[in-house]
Amino acid sequence: MLGEGIIKGMGETARNFFGSYVKEDRLTTVQYPEERLPQKEAARNFPFLVYDGKDWDKGLRCVACQICEKECPPQCIYIVKDATKKPDHIGKMQFQAKVFDIDISVCMSCQICVEVCPFEAIKMDVEYELSTGDRFGQLLLHKDQLAKSNDYYRKIHPTEAAEVDARMGAEKAKAEAKAKPAAATSATPSKP
Ligand code: SF4
Ligand code: SF4
């Protein structure tokens, strides 16, 4: 029937309008910014860099492999790799990023950087009140602004972070188990 869609749409609008006087779930408008809806766990906005331990600089998981930089569709990640390895938060020698910038005025929140990172080093944040007129002052985020702790990650995406923790724990245990026989063999004195 001609105009059926319009009638249905108007019916739905009327149902919500009159229903909002009697039913809370029909009142979908929130008086933002005084009121805010609770965020969904799967919400995402722009990426951040995860660090372990207390020192954000040493604890960053990023080893500057630059895969995310290459794969980012709008090319809004800029990385300069350190020339030499440095100790991380547990003293392991790692390459790190001397510069790690993300231009969030260009980022399209696609999460490809997260998916391609082999080190669980970059994740999606949920912060969204970032509007500003100063693009270069505030929308080009540097390493120190992007660094956020694993505890923060656990808080905003608890299910996902628990899976990552479990995966990393299992990989660490596997690597330690593999290293043990090798260490034992090298410690065994050779026969004369
Ligand atoms: S965030 Fe991940 S993919 Fe990007 S440079 Fe760092 S380790 Fe590599
Ligand atoms: S979310 Fe997408 S656009 Fe944004 S930095 Fe990551 S890969 Fe690039």
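Visitor: Ala, Val, Leu, Ile, Met, Phe, Trp, Tyr, Cys and Pro count as nonpolar, Asp, Glu, Lys and Arg as charged, and the others, Gly among them, as polar. How do the residues of the shell around ligand 1 divide?

Guide: 11 nonpolar, 1 polar, no charged. This is a predicted model: local features need pLDDT of at least 70, side-chain atom pairs count only at pLDDT 80 or more, and totals for chains, interfaces and linings use all residues. Residues are numbered from 1 along each chain as its sequence is written, while chains are lettered from A and ligands numbered from 1 in the order in which they are written.

Visitor: Which residues are around ligand 1?

Guide: Among them are Cys62, Cys65, Cys68, Ile79 and Cys117. A residue is near a molecule if its C-beta atom, placed from the backbone, lies within 6 Å of it.

Visitor: And which are closest to ligand 2?

Guide: Cys72, Cys107, Cys110, Ile112 and Cys113, out of 14 surrounding residues. That shell has 12 nonpolar, 2 polar and no charged residues.

Visitor: Back to Cys62. What is Cys62 in contact with?

Guide: Beyond neighbours within four places in sequence, its contacts include Leu49, Phe100, Phe119 and Ala121. Contact puts the two C-beta atoms, placed from the backbone, within 7 Å.

Visitor: New topic. In what order do the sheet strands run?

Guide: E2-E5-E7, an open antiparallel sheet. Strands are DSSP runs (E, at least two residues), numbered from the N terminus. Two strands pair if DSSP finds at least two bridges between them.

Visitor: Which strands are at the edges?

Guide: E2 (77-81) and E7 (140-141), each pairing on one side only.

Visitor: How many bridges join E2 and E5?

Guide: 5, in the antiparallel sense; E5 covers residues 97-103. Ile77 has Ile102 in E5 as its bridge partner.

Notes: Helix = DSSP H or I, 4+ residues; strand = E, 2+ residues; numbered from the N terminus.
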